[in-house]
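Dear colleague,

I am handing over to you the structure that follows. Please keep it open while you read the notes below it.

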Amino acid sequence: GGVSITEGMMRCYHHTGDRRLLQFCEDYYAFLSKNDLFDLSLDAMNSDQLHYNSNHGAGYANHIGQPAEVYTGNGDTRYLNASVNAFRKCQSKVVHVTGGITCESEYLVPLGLNVETEYCGFAMFLKSLAELSRITGDTVYGDAIERIAFNGAQGARKKDERAIAYLTSPNQVFATSSSSYADGLHQVYAPCVPVSCCPVMSVRILPEFICSMVLTDVESDIEVDTDGDFYFAAYAPVKINHGSMQVDINTLYPFRDRINFKISLAEPLEKTLHFRIPAWCDQAELSVNGTMQPLDCKPAAYAQIKRQWVDGDVVTLRLPMKVRIGRLNDADRSQIYPITIEYGPLTFALPVPERWEAWEGKPFTPLPEGWHWYNVHPDNKESSLDVYDNMGMRKHLITYNVAVDENIQPADVAVELCEPDGYPWEKPLIKMRLPAYKAPYSYPPYPSKTFEPYCEGGKAFVTDKLTIELIPYGCTNLRITYIPRADLSNK
């Protein structure tokens, strides 16, 4: 964690110009090159290798952006390249489809269906990505920021904001005092989980996300150029006040594809607005006051509009979303290669019905009235699907022991847009339905932890056909996100 000191040093350097602070950071990285137990030197971060168990998961997520911050002071591209390359390695080896970085016994590990992410990892990673977005201007970081904010970070929160889980995983059917592989209390939902940094970091997510949304040209960190360009790097409903311009962003994104930007000005102003086009969107459209703009809105780039803006102008950005079906690359672990399903910036999951059991927990200081720790169990009903279910041997598995055809196509998935009806993370604004199969032998009959499914040759034995309903990952607290592939050899 010592490398984190360079972040504060560089922020102070940009405010004071004191070169001793910059020199300290350079000396620190020179020290790391000779004492590199955790693969944090510039050479290690610039290499093609990322060693499992070499570093604390959330710590590495935090460190990714720090060499780039030093680059902003000394201009040495080795520092910038170290951050960019570290992000690239993480994306390919240790970042879940939820946006979270792996954390097993707190350290980086291969991807797997029930491999956990520490809550700090969401906050630290988002902060690093925001720095890289600001420094490089590359839209890839905005895509990754939204993935964290709309999926992993939200799926680890109780929806009334009174509890988080220290550790969560993409496939998780228990969140109790005995369900974590790392420690007994690490998966419970609580306002003050045993690792005290995570509750603090949980309230950092939203401010960091908001700060990452809009960038502007600056001359320095002290004298801001209030007439500089705007770069919209991430999207959500927010109001921006900067210089003489105010922009009100009105949208149901990420649940809808339309984003409206209403401009307020005292007098006309010429300015260029840049709009991030996500890598997943190949048919983006921009209009001004209802008139379509003849722009080439390329994926993974900024589309720009330069004009003299007047009070009341409205820009509409449309980012059409499509179903994307992928596979988890768990080659370094179980080699199950389960199915993932995404739509726009959202990851989708099969929700597991929840039974919340409040208890006083083990806080160091008493909780306020109305605040609790929670064990969360799957709340499935008895079924008559087969004799084993009637005996109660698999009642907890009915809703989540499923598999899908590995050749499933986006056209096989029906997308339903739901009318707003309250808090969208509790009452989803979008759902999916798709064909699947019951996989009765994929999990042990008396689970207390979230096991990886048993798959012979990487595929699950299946029986009856089913239709399953998926919802956004951020709307869940228990779920199946990585869905096993069905063995259809005897079908």
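Is glutamine 335 buried, partly exposed or exposed? Glutamine 335 is partly exposed, because its relative accessible area is 46%. Please bear in mind throughout that this is a predicted model.

**Backbone features in the loops**

Glutamine 335 is found in the loop that runs between strand E15 (323-327) and strand E16 (339-343). Although this residue is not a glycine, glutamine 335 has a positive phi of about 55 degrees. Serine 105 is another non-glycine residue with a positive phi, near 55 degrees. The loop that holds serine 105 lies between helix H6 (77-93) and strand E1 (117-118). With a relative accessible area of 55%, serine 105 is exposed.

A further loop, between strand E8 (245-251) and strand E9 (258-265), contains proline 254. Tyrosine 253 and proline 254 are joined by a cis peptide bond, with omega about 15 degrees.

**The sheets**

Strands of a sheet pair through backbone hydrogen bonds, either parallel or antiparallel. Arginine 258 stands opposite arginine 318 in E14.

Strand E10 (residues 269-277) also deserves a look. Eight of the nine residues of E10 are buried, and the strand is thus mostly covered. How many bridges join E10 to strand E13? There are nine bridges between E10 and strand E13 (residues 301-309), and the two run antiparallel. Glutamate 270 stands opposite glutamine 308 in E13. Strand E6 (residues 230-232), by contrast, pairs with E10 in the parallel sense, over three bridges. In that pairing, phenylalanine 230 stands opposite leucine 273 in E10.

**The nonpolar cores**

The largest nonpolar core has 131 residues, and Phe232, Phe261, Phe275 and Leu319 touch the most other members. Helix H7 (residues 119-136) gives the most to this core, namely 11 residues. Apart from this core lies another, of 13 residues, including Leu113, Ala403, Ala439 and Cys455.

Leaving aside its neighbours within four places in sequence, phenylalanine 232 is in contact with several residues, among them Met213, Val214, Ile240, Val247, Phe261, Phe275 and Tyr302.

**Two helices**

Asparagine 85 lies in helix H6. Its relative accessible area is 11%, which is under the 20% cut-off, so asparagine 85 is buried. A polar atom of the asparagine 85 side chain lies 2.7 Å from the backbone oxygen of serine 47. Beyond residues up to four places away in sequence, asparagine 85 touches Met45, Asn46 and Ser47.

Yours sincerely,

A colleague

How values were computed: Residues are numbered from 1 along each chain as its sequence is written. This is a predicted model: local features need pLDDT of at least 70, side-chain atom pairs count only at pLDDT 80 or more; totals for chains, interfaces and linings use all residues. Side-chain values use heavy atoms; hydrogens and water are left out. Helices (H or I, at least four residues) and strands (E, at least two) are DSSP runs, numbered from the N terminus. Buried means under 20% relative accessible area, exposed over 50%, partly exposed in between (1.4 Å probe, protein chains only). Two strands pair if DSSP finds at least two bridges between them. A polar contact is a pair of N or O atoms within 3.5 Å; within protein, one must be able to donate a hydrogen and the other to accept it, and residues adjacent in sequence count only if both atoms are side-chain atoms. Contact means heavy atoms within 4.5 Å. A nonpolar core is a set of buried Ala, Val, Leu, Ile, Met, Phe, Trp, Tyr and Cys residues joined through side-chain atoms within 4.5 Å.
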